[in-house]
Amino acid sequence: MKIITAFLRPALRLSLLALLALPLVPALAQPVDTGGIARNFTLRNRATGEPVSLHDFAGHIVVLDFFAYWCPPCQTSSPELEQNVHRYYAARGGNANGIPVQVIGVNIESANPSLTDQFVRQVGANLAVDDLQLQAYGQFLVGQNAIPRFVIINGTAGSTTHRQWEVVLNTIGWGGNNNTTSFRRLIDNVQTVRSPTMTVQPQSQHVSPGASVTFNAAANGTGLGFQWRKDGVAIAGATGSTFAVTSASARDMGFYTVAVSNAGGTTESTAATLTIATDGTSRPVNLSTRGLVPAGGDLTPGFVIAGTGNKWLLVRAIGPGLAAFGITDYLADPQLEIIPQAGAAVAANNDWAAAGIDNAELSAAAAGVGAFPLVAGSRDAAALVSLAPGGYTVRVTGVGGVSGLALVEIYDVDLAGSSSRLVNLSARAFVGTGAAELVPGFVVHGAAPRQLLIRAVGPSLAQFGVTELLADPQLAVIPLGRNFSVANCNDWGGATPLRAAFASAGAFTLSNNTTDAAIVVRLPPGAYTVAVSGVGRTTGTALVEIYDLDP
């Protein structure tokens, strides 16, 4: 016979047992028993004080363990639930069907919080919350007012056995191993339709005008539905596992993804790039680098001009102007210098609005290249310069050696009729985390796609005497305004085609065993960012390079 142990609310009389009585529960809506739908509730995390809601655990199976420190059966059941349910399923990655399981210890005793803390520590609870107003306990108070009380809830939306937030079990008392076995059986019985897993990703293609193009995709799962997108926008009627372009033209260039859905969720494919070998021309025309200027340090984008004549460039170092984009830790007073590979600075600026600066000319140049306007009188820096072919560095520092985030922009002003062009854009900077990641951007201008070599170099900078390097950089190429990447790389791997690209671009070599990142990618005209970060949220100095591989 199953042994049930619980502490009941005794009769109202003066006795020792009355000291152990459960509190009165306020009148609430109809209690939710097994088979009912649990209502959401929000309680306080005992460890952090932050709110914890039932609906925070959508996609989980939730086990509520209602306890009080003075309850002898709770002193047995709570640690056994943590060990034999929470940790048991955590070690297995979820129940028998892969659904994660979360045990929440729910304290209902408001007196003696130090004793409750001691109880929670002894139990080893993964998550403990306070229900001092009994909003959760009262919801499940079916039958006797007693603890321990256990409630198992299915939080998965795609379950084939239970509705979302259905109460799988609502019971009181603890019978040791009998309860552990029955709880696991109920938890393992919860099944769900798993979200699709991509098995065939669409592949990038470069074709001649008029060619037929077919993108293919496949996924594991049941009840699958497909929706193809171009540049993030759904294509009407494109709902099969394949998508065809019958006669490709320039207007079809772009990025194609497919969303595969079923009752368990939606999985998005990687992006496939379609480029067309048109007769038009294109070239990189803009570099923008957002990065951290350390205290006493600098941010140093660079570029190379190839050709026979001078090129007009607009160069800006934005600090206060970043406030308009929600960035608060900007560099308060940036200054810039433009320095050729050999020689002293050929141009410099501190405040673009300072006396003697032609603000109207700078504003007109910014408008001509599509740059956002600077606020009149701001301490952002800008210079309009005519430069001979060669390599240059833009050195950005903070006046007074202060630190902050800065955006450095290099714009090609004379797009038409110029006998020279930008062939290499680069940025060396400290790579932090979050907003302090290194995020260069560039623009491919024209009507034709462009083949580029993009690198994020960390360890190989040691040969140039650079210290505090980013040990393992990774990069992602992201079309401006999109939430997907079109090219990614962690370790370049020493591939022969990449070595050939290095040689073609005139880039310095990388050793086979380094964790530097490098990739060759062909991109349609447009604006892009290169997000550079450290694997495992590591930080350090890195060099990002963008080389034009096309003649």
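Aspartate 414 touches Arg283, Asn310, Lys311 and Trp312, leaving aside residues up to four places away in sequence. The model in which these contacts are found is a predicted one. Aspartate 414 sits in the loop between β27 (404–412) and β28 (420–431). Its relative accessibility is 18%, and buried means under 20%, so aspartate 414 counts as buried. The side chain of aspartate 414 makes a polar contact with the side chain of lysine 311 at 2.9 Å. That side chain also reaches the backbone nitrogen of tryptophan 312, at 3.4 Å.

**An open sheet**

Seven strands form an open sheet in the order β3-β2-β6-β5-β4-β8-β9, and the pairing is mixed. The edges are held by β3 (51–53) and β9 (166–172); each has a single partner strand, so one side of each is left without a neighbour in the sheet. On average, neighbouring strands of this sheet are turned by 30° against each other, direction ignored. Strands of a sheet pair through backbone hydrogen bonds, either parallel or antiparallel. At one end of the order, β8 (residues 149–154) and β9 run antiparallel and are joined by six bridges. Asparagine 154 stands opposite glutamate 166 in β9. Helix α1 (residues 72–92) lies across β4 (61–67), β5 (101–107) and β8, and runs at about 160° to β5.

**Strand β31 and its partners**

Strand β31 (residues 473–479) has five of its seven residues buried, so it is largely enclosed by the rest of the structure. β31 pairs in the antiparallel sense with β34 and with β32. The table lists the bridges for each pairing.

| Partner of β31 | Bridges | Bridge partners |
|---|---|---|
| β34 (residues 526–534) | seven bridges | proline 473 and glycine 534 |
| β32 (residues 487–489) | three bridges | valine 477 and alanine 487 |

**Nonpolar cores**

The largest nonpolar core has 51 residues, of which Phe303, Phe442, Ile454 and Leu475 touch the most other members. What does isoleucine 454 touch, not counting residues up to four places away in sequence? The contacts of isoleucine 454 are Phe442, Leu475, Val477, Ala517, Ala518, Ile519, Val521, Val530, Glu545 and Ile546. A second, separate core has 35 residues, including Val62, Phe66, Ala128 and Ile153.

Note on methods:
Residues numbered from 1 in each chain as written. Predicted model: local features only at pLDDT ≥ 70, side-chain atom pairs only at ≥ 80, totals over all residues. Heavy atoms only, no water. Pairing = 2+ DSSP bridges. Helix = DSSP H or I, 4+ residues; strand = E, 2+ residues; numbered from the N terminus. Axes fitted to C-alpha atoms, helices over the stretch in contact; angles between N-to-C directions. Contact = heavy atoms within 4.5 Å. Buried < 20%, exposed > 50% of the residue type's maximum accessible area, 1.4 Å probe, protein only. Polar contact = N/O pair within 3.5 Å; in protein donor to acceptor, adjacent residues only side chain to side chain. Core = buried A, V, L, I, M, F, W, Y, C linked by side-chain atoms within 4.5 Å.
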